[in-house]
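Subject: Structure handover

Hello,

Here is the structure I promised you. Please open it alongside this note, which goes through what was found.

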Amino acid sequence: MGWRRILGPAAAALLVAAAGGASAQSLLHTMFQDHAVLQRERPVPVWGQAQPGEQVTVEFAGKSASATADAQGRWRAELPATPAGGPFVLRARAGGRTQSVSDVLVGDVWLCSGQSNMQMRVKFVSNAENELREANHPNIRLFQVDQYASSKPLTDFAPDKARPSWNAVTPQTIGEFSAACYFFARELQKTVNVPQGLVHASWGGSTIQTWLTEPTLRQLGYGAAVDALQQYRTDPAGAGRTWGKAFEGWWRKNYPTAGTPWLASDNAGWKTAPEGFGAWETWGDPDLVGFDGLAWLRTTVDLTAAQARQRASLELGAVADADITWINGVPIGSDRMWGPERRYQIPKGVLKAGRNTITMGVFNAWNNGGLLSSRDKQLLRVANQPVPLNGAWSYKIGAKGNSAVPFPPWDALFGIAVARNGMIEPIGPYAARGLLWYQGESNTARPLEYGPMLQGLMRDFRATQGRDIDVLVVQLAAFGSRASQPMNNGWTIVREQQRRVVAADPHAGLVITTDIGDPTDVHPTQKPELGRRLARAARHVSYGEAISPSGPVAARAEGGGGVVQVKFSDVTGKLLTYSSNIAIGFELCGGEAAGSCAFVEGRVISPNIVRLNVPHMPQPKLVRFCWADSPICNLYDESGLPAGPFEIPVQ
C-alpha cells in the first residue's frame with residue numbers, strides 16, 4: 001500500500017516544501033529534456049524560468065514562439081501544432097543564454113495515474129522474464145514521477161527527489177515502470193504507428209480525493225478539509241490540533257454512547273494490557289483475536305514542574321497501522337504509516353507537573369495491530385533527556401471493522417489534494433492526448449461519492465492538459481469472495497459509478513476487467529491483456545476507429561409477459577455464452593432494498609438480446625449483471641471481450 005508519514009517535523013518539512021528540481025541555469029521546465037515526446041497536431045505549451053522581464057524565444061522543428069518572463073521569472077510560450085516525427089532539437093534562448101534538449105519526438109502523450117494497479121511494475125506481471133527481454137521500443141518514451149505529497153501545489157518536481165527524466169523503453173528501463181501504462185502503448189503502436197510518450201504518476205493505496213484540486217474539492221463539499229490543509233502549510237502543529245478536534249467530532253457523532261476516550265476522565269471499559277505489550281492479537285483477549293478496527297490505548301507518566309516546562313517530544317516506536325495521539329486531551333500527532341517509529345513534538349503548555357495522560361486511537365486494517373516495538377522505545381524526550389513510559393497501559397475496543405475512519409487532509413493516501421499538488425501539478429500544462437486512470441479500490445468504503453469525484457478528476461485534468469483530452473477508466477477487477485447469493489457492497493457500487501460516468505462522457509472509455517482479476521489478489525498480473533483492452537478503447541475513443549471500445553454494453557431492459565429482455569449495443573458479431581448455453585451472472589431486483597434481488601437464467605435469443613425469465617416476485621424494477629466482488633459471468637461477443645457489470649432499470 002505504501003504508507004507515508006503525515007504529521008511531525010519531518011513530514012511538515014516535506015509537505016510544505018517549495019518546488020525545486022530543475023537546475024538554477026535551466027530555462028526550460030523539467031518536463032522538457034532529452035528524449036521527450038511532445039503532443040502532435042495541436043499547439044504545445046512550453047514554459048520555464050528566466051530573469052524577470054526577459055524575452056524568451058523557443059525554437060522547434062523549424063518553428064518558433066516567444067514570451068516575456070513575468071515578475072517572478074515565469075514564462076510560457078506556445079509552439080504551433082506539429083505532425084508526428086523527429087527526432088528534433090528543442091531550443092530556448094534568453095539574455096545570451098541557450099538551453100537545448102535533443103532527440104525530441106512528436107507523437108501522442110498519455111498520462112497514467114491511479115493507485116497500486118496502475119503503479120504495478122512490469123517486472124511483476126505474468127511472463128515478466130520474457131516481457132523484459134523483448135522490451136526494445138525506441139519510440140516509446142517513459143517519464144516516471146516520484147511519489148511526493150505536498151500541502152500546496154508545486155510548479156516543479158520535489159526538490160529532495162532525483163530529477164525525473166525521459167527514457168526510451170529498453171530491458172533496463174522498463175522493469176520499474178507501470179505495466180498497465182507500458183503494455184497499453186506497446187499494443188497501441190501496432191495500429192497507431194507514432195511515438196508514444198508515457199508520463200506515469202500513481203500511488204498504491206491512494207483514494208481519489210488525494211488526486212483532486214482544491215477548488216474541485218470545495219465544490220464537492222470538502223471546504224473545511226481544504227481550510228485545514230491550507231492551515232497546515234504555515235502552521236502544521238495548529239492544523240494537527242484542528243484535525244484532532246475534527247476527529248473528536250466524528251467520534252462523538254458516530255459513537256455517541258462510547259464516551260471520550262482521549263480524556264483522562266473517561267474510565268469506563270478499560271482493561272489492563274499485558275506487560276510485554278506487542279501486537280494486540282497476542283494478548284490473550286478473545287475480543288482481540290483477529291481484531292481489525294479502532295482500539296484505544298492509554299498510559300500515564302509523571303513529570304516535575306521543571307520537566308513540564310521543557311521542550312519535549314513523544315516517542316512510541318512502531319505502530320500498525322495508523323494512529324491519532326493525545327496528551328492530556330490535546331491532540332499532538334497523527335500518522336498513517338504502517339511500521340515506522342512514531343515521534344511527535346509536543347506543543348508548549350500541553351505537559352503539566354504531576355500526572356500526564358497519553359491516549360492513542362490506533363486503527364488496524366489487517367494482520368497485527370497496535371504498538372509493535374519493545375517497551376524501551378516508548379518514552380518522552382524532555383530537553384533531550386529520555387523519560388521512560390514505564391507505567392501500565394490500558395486499552396478498550398473502539399470500533400470494529402474497516403469502517404471509513406477519517407484521516408488528516410494532508411495524509412498522502414487518504415487525505416485531499418496532496419498527491420495532485422506534489423505529483424500532477426508539477427507536470428503543468430504539458431500537452432497530452434489522454435489520461436489512463438486505474439483507481440477506486442481505496443474508495444469502496446464510501447462508494448456513492450465516487451461518481452462526482454471521478455467527474456471532478458476528469459475536469460481537473462482537462463482544465464490543465466486541454467479540454468479535449470480523452471480519459472480511459474479501468475473498471476475495478478474481480479477481487480474478494482465469490483457470492484452464492486445476490487449482494488450489494490462498495491466494490492460493486494464503485495464499478496457502477498465508473499460505468500455511469502464514462503457512459504455520460506463522449507470523450508471517455510471504460511475498460512472491463514472482471515474476467516481478468518484474481519479473487520485472492522487485489523493486484524492481478526494479467527497486465528498485458530489489460531494493456532490490449534486499454535489500447536482498443538483508445539482506438540475507438542481517441543482515434544475514431546469503428547470498433548466497440550469495451551465489449552457488449554447493456555443499452556435497455558424491457559419487461560412484460562413474465563420475461564425481461566436486455567438489449568446490448570457495441571456487439572461485435574453476436575453475443576456468446578462460454579461453457580454453457582445459459583448466460584450466468586444476471587439478477588432481477590424488486591428495488592434497491594437488500595433481499596429484493598434473485599439470480600435468474602439468461603438466454604441469448606438474438607445477436608444482441610438476452611432474455612431473462614422473471615422468478616416469483618413482483619414486477620422487477622432493476623436488472624443487474626456481474627454484481628459481486630468476484631463475479632462469475634460468461635457473456636461475451638465475438639471480439640472475445642466480456643459484457644461488464646451494470647445495473648439498469650426495467651422499462
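A residue counts as buried under 20% relative accessible area, as exposed over 50%, and as partly exposed in between. Alanine 61 has a relative accessible area of 29%, so this residue is partly exposed. One caution before the rest: this is a predicted model.

Look for asparagine 384 in the loop between β19 (379–382) and β20 (385–388). At 57% relative accessibility, asparagine 384 counts as exposed.

Two peptide bonds deserve a look as well. The bond from glycine 86 to proline 87 is cis, with omega near 10°. Proline 87 belongs to strand β6 (residues 85–94). The bond from alanine 320 to aspartate 321 is cis too, with omega near 0°. Aspartate 321 is in the loop between β13 and β14 (322–327). Why list these sites? Most residues other than glycine have a negative phi, and most peptide bonds are trans.

**Salt bridges**

The count comes to 38 salt bridges.

- Aspartate 468 and arginine 42 meet through their side chains, at 3.4 Å from N to O. Aspartate 468 lies in the loop between α10 (450–465) and β23 (470–474), and arginine 42 in the loop between β1 (37–39) and β2 (44–49), so the pair ties together parts 426 residues apart in sequence. Aspartate 468 is partly exposed at 43% relative accessibility. Arginine 42 is buried at 18%.
- Aspartate 103 and arginine 141 form a salt bridge at 3.3 Å, N to O. Aspartate 103 is in strand β7 (residues 97–114) and arginine 141 in strand β8 (residues 137–144), 38 residues apart. Aspartate 103 is partly exposed at 25% relative accessibility. Arginine 141 is buried, with a relative accessible area of 4%.
- Lysine 271 and aspartate 287 form a salt bridge at 3.8 Å, N to O. Lysine 271 is in strand β11 (residues 271–272), and aspartate 287 is in the loop between β11 and β12 (293–303), 16 residues apart. Lysine 271 is partly exposed at 37% relative accessibility. Aspartate 287 is partly exposed at 41%.

There is also a network. Salt bridges that share partners join Glu496, Arg499, Arg500, Arg624 and Glu647.

**Strands**

What is the strand order in the open sheet of seven strands? The order is β25-β26-β30-β29-β28-β31-β33, and the pairing is antiparallel. The edge strands are β25 (553–560) and β33 (646–649), each of which pairs on one side only. On average, neighbouring strands of this sheet are turned by 30° against each other, direction ignored. Within the sheet, β26 (residues 563–569) and β30 (residues 609–613) pair over five bridges. Valine 563 has asparagine 613 of β30 as its bridge partner.

Next, strand β16 (residues 341–346). Its side chains alternate. Arg342, Tyr344 and Ile346 point to one face and are buried. Strand β13 (residues 312–320) pairs with β16 in the antiparallel sense, over six bridges. Here glycine 317 has arginine 342 of β16 as its bridge partner.

**Helices and a buried asparagine**

Helix α6 (residues 223–234) packs against helix α7 (residues 236–254) at an angle of about 150°, with the axes 6 Å apart. That makes α6 roughly antiparallel to α7, because angles over 145 degrees count that way. From α6, the residues in contact are Ala228, Gln231, Tyr232 and Thr234; from α7, they are Pro236, Gly238, Ala239 and Thr242. By class, this contact has four nonpolar, four polar and no charged residues.

Last, asparagine 443. This residue lies in the loop between β22 (434–438) and α10. Is asparagine 443 buried or exposed? At 5% relative accessibility, asparagine 443 counts as buried. Leaving out residues up to four places away in sequence, asparagine 443 touches Thr207, Ile208, Gln209, Tyr450, Met453 and Val494.

Best wishes

Notes:
Residues numbered from 1 in each chain as written. Predicted model: local features only at pLDDT ≥ 70, side-chain atom pairs only at ≥ 80, totals over all residues. Heavy atoms only, no water. Axes fitted to C-alpha atoms, helices over the stretch in contact; angles between N-to-C directions. Helix = DSSP H or I, 4+ residues; strand = E, 2+ residues; numbered from the N terminus. Parallel < 35°, antiparallel > 145°, perpendicular 65-115°, else oblique. Contact = heavy atoms within 4.5 Å. Nonpolar A, V, L, I, M, F, W, Y, C, P; charged D, E, K, R; others polar. Salt bridge = Lys/Arg side-chain N within 4 Å of Asp/Glu carboxyl O. Buried < 20%, exposed > 50% of the residue type's maximum accessible area, 1.4 Å probe, protein only. Pairing = 2+ DSSP bridges.
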